[in-house]
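Visitor: Could you take me through this model, one question at a time?
Guide: Gladly; please look at the sequence and the structure first.

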Amino acid sequence: MIRLEKVTKSYGVTVAVSELSLEVNQGEVCMLIGPSGCGKTTTLRMVNRLTEPTSGRIFVDGQDTAHVRPEQLRRSMGYAIQGVGLFPHMTVSKNIAVVPHLLSWEKERIAQRIEELLSLVGLNPAEYAGKYPGQLSGGEAQRIGVARALAADPPILLMDEPFGAVDPMTRERLQAQFLRIQRSLKKTVIMVTHDLDEAIRLADRIAIMEAGRLVQHDTPEAVLSRPRNKFVHDFVGTDRALKRLSRISVSGFVRQSPSISISASVEEAAAACVRRRWVWVVDENQRLRGWIDRDSLHEVASVRESIVATDPEVIAVAETATLREALSRMLGQGLRSVPVVDDRGRLLGEVTVTDVENATAAREA
Amino acid sequence: MAQRLLGRNNVALVGSVIGLSSLFFSWLTLRPNRLAAGTHISLWDSAGWAATAIIILWLACLVSSLSGWGKSGNRRAIYLGMTANIIVVVALVLVGLTATLLVGDQSPLLRVSLGAGFWITLAGAYIAIFAARERLRGRGAWRNAVSWTALAAFGIFLITGLLQNLSIWQEFSGRESRFLQELGQHLFLLGGSVATGVLLGIPLGIWAVRSKGAERPIFFIANITQTVPSLALFGFLIPPLSALSFAFPALRELGIRGVGTTPALIALTIYSLLPIVRNTYVGLRQVDPAAVDAGLGMGMSGFQIFRKIEAPLAAPLVLQGVRIASVQVVGLVAVAALIGAGGLGWFIFQGIGQAAPDLILLGAIPIIALALMVDAVMRAVVRLATPKGTGKESQ
Ligand SMILES: Nc1ncnc2c1ncn2[C@@H]1O[C@H](COP(=O)(O)OP(=O)(O)OP(=O)(O)O)[C@@H](O)[C@H]1O
Ligand SMILES: [Mg+2]
């Protein structure tokens with residue numbers, strides 16, 4: 001789908017990208033990662049000809065891009081630039097509508113698309129559609145930038161650190177969202193990131209660059225278990241086992257877990273706590289409310305009183321989360337398991353530390 | 001007390017002191033004829049009630065500016081501004097009535113002209129009015145009242161004839177048609193040169209942004225032209241244009257001569273170029289490069305980028321440049337009278353030649369008024385052209 005052949009870009013004496021060859025297949029997510037200044041942005045911009053290569057050739061769909069009109073080439077690719085670059089004099093919805101306008105879509109279709117995209121990036125359409133970029137936070141602006149790149153539903157996406165400025169929790173949600181959409185839409189994506197965990201989680205293949213050169217282009221598993229050289233080895237760091245966990249979704253490990261209703265009596269609770277020390281507490285709608293500990297049941301009159309009602313957001317993970325996050329929540333709460341909830345906060349089950357161990361062992365083998 | 005003094009309003013204070021000092025100067029001068037020496041009439045010698053009113057009003061301004069804006073800043077600013085307006089109105093009534101009284105049914109050659117005291121009070125009042133205006137930013141109705149009340153009263157007095165016995169009016173009433181003709185010429189020179197400046201300056205500014213090679217020479221030339229004294233520039237144009245019209249009589253038919261409208265238009269156009277070129281350049285340069293980049297990345301053509309992104313974002317600054325050029329040219333047109341191009345400057349130079357200060361004022365006052373009006377209109381245009389989302393209020 002996208003093929004770079006010995007592409008070089010030099011600015012005077014600086015060689016930003018050197019003899020880089022890279023192939024990204026149709027429907028594949030290629031995460032481009034490397035230290036600052038190694039040429040990631042330059043590589044990305046050569047694909048849509050915002051930067052012309054000094055030498056080498058680039059093919060999109062088998063066609064040499066040097067022979068395609070730049071405007072036409074670019075309209076088939078969504079591009080989220082590193083600096084966001086929203087148009088300050090246009091509202092959020094006008095910003096998103098730019099490419100659909102260029103492609104002369106009908107009004108209703110554009111309006112519908114705007115609403116769809118805003119919800120997709122987790123911003124309430126009613127609240128955000130009419131705002132101006134000057135009224136957005138950095139993270140919100142960045143998400144609008146992503147929505148704008150997706151607007152005309154292009155088959156190819158070039159994204160330069162699209163989630164760089166959003167908070168970890170939102171980023172986690174956007175990544176999960178991205179994976180879900182990608183599974184059904186199968187876009188061809190080149191995404192630049194500085195965050196190795198993000199690369200490992202989202203990539204079909206990771207391209208690691210160093211000083212303008214491609215040092216390894218492989219699946220995340222391969223990069224983690226067989227780093228090509230010392231640079232990659234150091235780059236992925238010593239916690240490779242932990243990183244591998246972030247490739248594995250908890251959804252395959254959810255198991256039934258003991259739970260009691262928040263309105264249950266103390267006796268019922270004590271009975272539930274016979275087999276193990278803690279059980280999850282849910283409300284009448286099956287929504288997770290916290291957990292109770294066997295030792296805390298002695299001198300209380302109701303379950304409600306002894307509940308450790310930490311914010312479910314903090315103790316639970318979503319179905320879409322990774323084993324790595326599950327493990328980190330367990331360590332945070334000092335429990336040997338973590339509850340898994342659906343998008344309405346309803347308890348689905350739990351993942352235990354043993355599951356995590358088994359998963360690690362299986363991959364190691 | 002120390003704190004009260006620290007909180008004082010310096011600009012308004014200066015205005016009030018200037019205003020009070022006007023009491024020591026003559027307010028009117030009575031001459032047997034236009035050119036003869038005259039007798040000075042102080043505030044005390046004219047209508048007593050008005051003199052007392054002006055002194056009390058000025059003292060009120062002084063006290064109010066000594067105590068600063070305070071917590072109820074806007075209310076104080078309104079008091080101060082409106083008091084200054086009333087001072088102007090009273091002063092106008094005073095000089096108008098006194099002049100009528102003095103002229104009576106005496107010789108038509110008798111002249112009553114405005115003296116230093118009147119002008120000083122006017123200056124002091126407008127200093128106070130500007131101080132109050134600054135403070136009232138964003139308070140539309142009161143700000144307008146403070147800015148325009150005295151001017152409106154002046155307009156009414158002009159129409160009703162209250163001021164018709166002042167010598168300026170007499171200078172005017174003999175030359176009404178000439179005045180309208182020169183005013184028209186003034187506006188023509190202003191409009192013609194600024195329009196040409198816009199047509200040339202905006203493309204030059206765009207060119208300077210787009211081409212590294214063009215940037216330096218364009219600004220070199222534009223900057224140089226600003227340093228040539230206006231009179232010299234008018235003079236420089238005489239020889240080449242006379243030579244041209246001498247060589248090609250057909251051009252002469254078109255009005256191209258060494259003196260007159262053509263060289264004036266050329267010189268004024270050259271003067272209006274720098275602010276327009278510079279602001280176009282800065283306006284385009286301050287457009288966020290990331291926005292342009294994003295536009296390109298989305299497949300917009302160079303022209304679409306210009307029309308949809310660069311032009312709307314640069315427009316307020318470009319128009320700001322047109323405003324500066326226009327205000328500057330309103331004043332410079334006055335000099336054009338020296339090379340026979342006419343305009344309100346004609347009265348100024350006639351007045352200088354005849355040592356008739358009232359004739360000078362007949363040219364100078366409308367020029368100042370015109371400059372203020374052009375400034376106000378262009379400011380409104382700039383505001384209208386500022387896209388929502390980029391104004392100060394949303395940042
Ligand atoms: N227009 C340019 N002119 C000169 N040098 C440039 C230009 N653009 C990039 N470079 C240089 O090329 C190199 C690669 O830049 P690039 O922007 O591709 O880095 P990057 O990997 O995206 O870095 P970051 O992670 O910080 O965004 C850098 O050394 C940079 O200074
Ligand atoms: Mg970059």
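Visitor: How many residues does the contact take from chain A, and how many from chain B?
Guide: This is a predicted model, in which local features need pLDDT of at least 70 and side-chain atom pairs count only at pLDDT 80 or more, while totals for chains, interfaces and linings use all residues. Residues are numbered from 1 along each chain as its sequence is written, chains are lettered from A and ligands numbered from 1 in the order in which they are written, and side-chain values use heavy atoms, with hydrogens and water left out. With contact meaning heavy atoms within 4.5 Å, the numbers are 24 residues from chain A and 22 residues from chain B.

Visitor: What area do chain A and chain B bury between them?
Guide: The size of an interface is often given as the accessible area lost when the parts come together. Here buried area is the accessible area (1.4 Å probe) that two parts lose on being put together, summed over both. Carbon and sulfur atoms carry 66% of it, and the total for chain A and chain B is about 1,800 Å².

Visitor: Which residues form the salt bridge between chain A and chain B?
Guide: A salt bridge requires a side-chain nitrogen of Lys or Arg within 4 Å of a carboxyl oxygen of Asp or Glu, and the count between chain A and chain B is 1. With the closest N and O atoms 2.3 Å apart, the partners are R45(A) and D293(B).

Visitor: Which elements of chain A each supply at least two residues of the side that touches chain B?
Guide: Helices (H or I, at least four residues) and strands (E, at least two) are DSSP runs, numbered from the N terminus. On that basis, the elements of chain A that each supply at least two residues to the side touching chain B are α2 (70-75), β6 and α4 (98-102).

Visitor: Which residues coordinate the magnesium ion (ligand 2)?
Guide: Donors are N, O and S atoms within 2.8 Å of the metal (3.2 Å for Na, K and Ca), and water is not among the atoms, so the site may look incomplete. The magnesium ion is coordinated at 1.8 to 2.3 Å through an OG1 and an OE1 atom, which belong to T41(A) and Q82(A) respectively. This pair links distant parts of the chain, 41 residues apart, with T41(A) in helix α1 (residues 40-47) and Q82(A) in the loop between β6 (77-80) and α3 (92-96) of chain A.

Visitor: Is V287(B) buried or exposed?
Guide: V287(B) lies in the loop between α12 (261-285) and α13 (289-297) of chain B. Leaving aside neighbours within four places in sequence, V287(B) is in contact with V292(B), I309(B), E310(B) and L313(B). Buried means under 20% relative accessible area, exposed over 50%, and partly exposed in between (1.4 Å probe, protein chains only). Because its relative accessibility is 5%, V287(B) counts as buried.

Visitor: What is the phi of S104(A)?
Guide: Most residues other than glycine have a negative phi. S104(A), in the loop between α4 and α5 (107-120) of chain A, is exposed, with a relative accessible area of 61%. Although S104(A) is not a glycine, its phi is positive, at about 45°.
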